[in-house]
Amino acid sequence: MHYILRRLVQAAITVLSTITLSFVLIRMMPGSPVDRLRAQLLERNSGLSSAQIQYRIEQQTNIVPDEPLYVQYFDYMTSILTGDFGRSIVKSNQPVADILANAIPWTIFLMSSALFLGFVVGISLGAFMAYREGSLFDISSTSVSLTLNSTPDYIVGLLLLTFVAYQLGLFPTGGRYASGVDPGLSLEFFASVLYHGALPILSMAIVAFGGWALDMRGNSIRILGEDYLHVARLRGLPERRIALRYVARNAILPMYTGLMIAMGAMLNGSVILESIYAYPGLGFRIIEAVNNRDYPVLMGCFIVITCAIVIGILIADLTYSRIDPRAKGGDSREAY
């Protein structure tokens, strides 16, 4: 119980530090984002009075520039902790929480699909490579996996977009679903969503599976040399049972923490790829906010991503001892 409480406190401190850092950034960034926002509002709304401009700044940033810094910090923290991330500067004063709520499910769909596909293919290939260690298949597969693991997903995304989408015309070049399809619980809508998300998912999965395959290969080779496997074979256990119950299970266990962290960080991995495919998820909104200097949206995205990563690490740390009994007594064995 003491260990769980300590980990929860550490996670809360990490999130709190991140929100505090966001507050400091908006106050200390060169060019003063508040002054820039005031200039933008004056440029786009020349008829507004000084009081109206000040009110909009307060609404959009959750900061009252004329108040003392500690008061601004308290107001900002109170707003963030109650789910009020402010309002967008460029999207008709739309609440940032609504923008995030609209974008996050699409990014989770892309990232979770790519993560699942890459993980399943990677561990299957890695196990097969370990059983064929030293063969031509193992050598060639290891080279391919190393190359893919070293290649950024946006490079694969650009190649697929250029050749598969533009030149061959097999998949759409952007969007979340076809413009003529009504969102809802219909087969046509789900088919359109899968069709539009196929290339982004494939781009991430192709890169991810190389790393999972190499990890699985290394873990499996190490386990294949353990004495208990020789004993199992001497007992006459079927090779299929040994492979699935003894080798695969024990080889996947060390990858559990990496999988949980990858699930937490998947919101962060979509920034460039979603922009390449014009896919309006969280990553697309981040690039859009950077280009438009929409600081409230940018800060909201930053805070959500940080919270997701911290929660992913926390889940891995609290559940690893239940997955792997050898890690019992977690006080001295943290997952990361």
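Start in helix α13 (residues 282-292) by selecting Glu 288 and Arg 285, which are three residues apart and so separated by about one helical turn. The model is a predicted one. Show both side chains: Glu 288 forms a salt bridge with Arg 285, and the closest N and O atoms are 3.0 Å apart. Now colour by accessibility. Glu 288 is partly exposed, with a relative accessible area of 23%, whereas Arg 285 is buried at 14%. The cut-off for buried is under 20%.

**The whole chain**

Zoom out and switch to a cartoon. The chain has 14 helices and zero strands. Of its 336 residues, 42% are buried. If you draw contacts between residues at least 6 apart in sequence, 68% of them join residues at least 24 apart.

**The other salt bridge**

The salt bridge count for this model is two.

**Along α8**

Stay on helix α8 and select Ser 220, which lies in it. Ser 220 counts as buried, at 1% relative accessibility. Show what surrounds this serine: setting aside neighbours within four places in sequence, Ser 220 is in contact with Ala 127, Ala 130, Val 247 and Ala 251. Then pick Arg 249 and draw a C-alpha to C-alpha distance from Ser 220. The two are 9.5 Å apart in space and 29 residues apart in sequence.

**Where α5 crosses α8**

Next select helix α5 (residues 96-131) together with α8. Their axes come within 4 Å and cross at roughly 35°. The crossing of α5 past α8 is right-handed. Colour this contact by residue class to see 28 nonpolar, six polar and one charged residues.

**The largest nonpolar core**

Go on to the largest nonpolar core, which has 24 residues. Which of its members touch the most other members? Select Ile 19, Tyr 76 and Leu 100 to see them. Helices that each supply at least two residues of this core are α1 (2-28), α4 (69-81), α5, α13 and α14 (295-323). Highlight α14 for the greatest contribution, which is eight residues.

Now centre on Leu 100 and show its contacts. Not counting residues up to four places away in sequence, Leu 100 touches Phe 85, Pro 105, Leu 282, Gly 300, Cys 301 and Val 304.

**Last stop: a loop residue**

Finish at Ala 278, in the loop between α12 (271-276) and α13. What is its phi? Ala 278 has a positive phi of about 50°, although it is not a glycine. For background, most residues other than glycine have a negative phi. With 35% relative accessibility, Ala 278 counts as partly exposed. From here, follow the chain into α13 to return to Arg 285 and Glu 288, the pair in that helix where the tour began.

Notes
Residues are numbered from 1 along each chain as its sequence is written. This is a predicted model: local features need pLDDT of at least 70, side-chain atom pairs count only at pLDDT 80 or more; totals for chains, interfaces and linings use all residues. Side-chain values use heavy atoms; hydrogens and water are left out. A salt bridge is a side-chain nitrogen of Lys or Arg within 4 Å of a carboxyl oxygen of Asp or Glu. Buried means under 20% relative accessible area, exposed over 50%, partly exposed in between (1.4 Å probe, protein chains only). Axes are lines fitted to C-alpha atoms, for helices over the stretch in contact, and angles run from 0 to 180 degrees between N-to-C directions. A crossing is left-handed if the near helix is turned anticlockwise from the far one by less than a right angle, and right-handed if clockwise. Ala, Val, Leu, Ile, Met, Phe, Trp, Tyr, Cys and Pro count as nonpolar, Asp, Glu, Lys and Arg as charged, and the others, Gly among them, as polar. A nonpolar core is a set of buried Ala, Val, Leu, Ile, Met, Phe, Trp, Tyr and Cys residues joined through side-chain atoms within 4.5 Å. Contact means heavy atoms within 4.5 Å.
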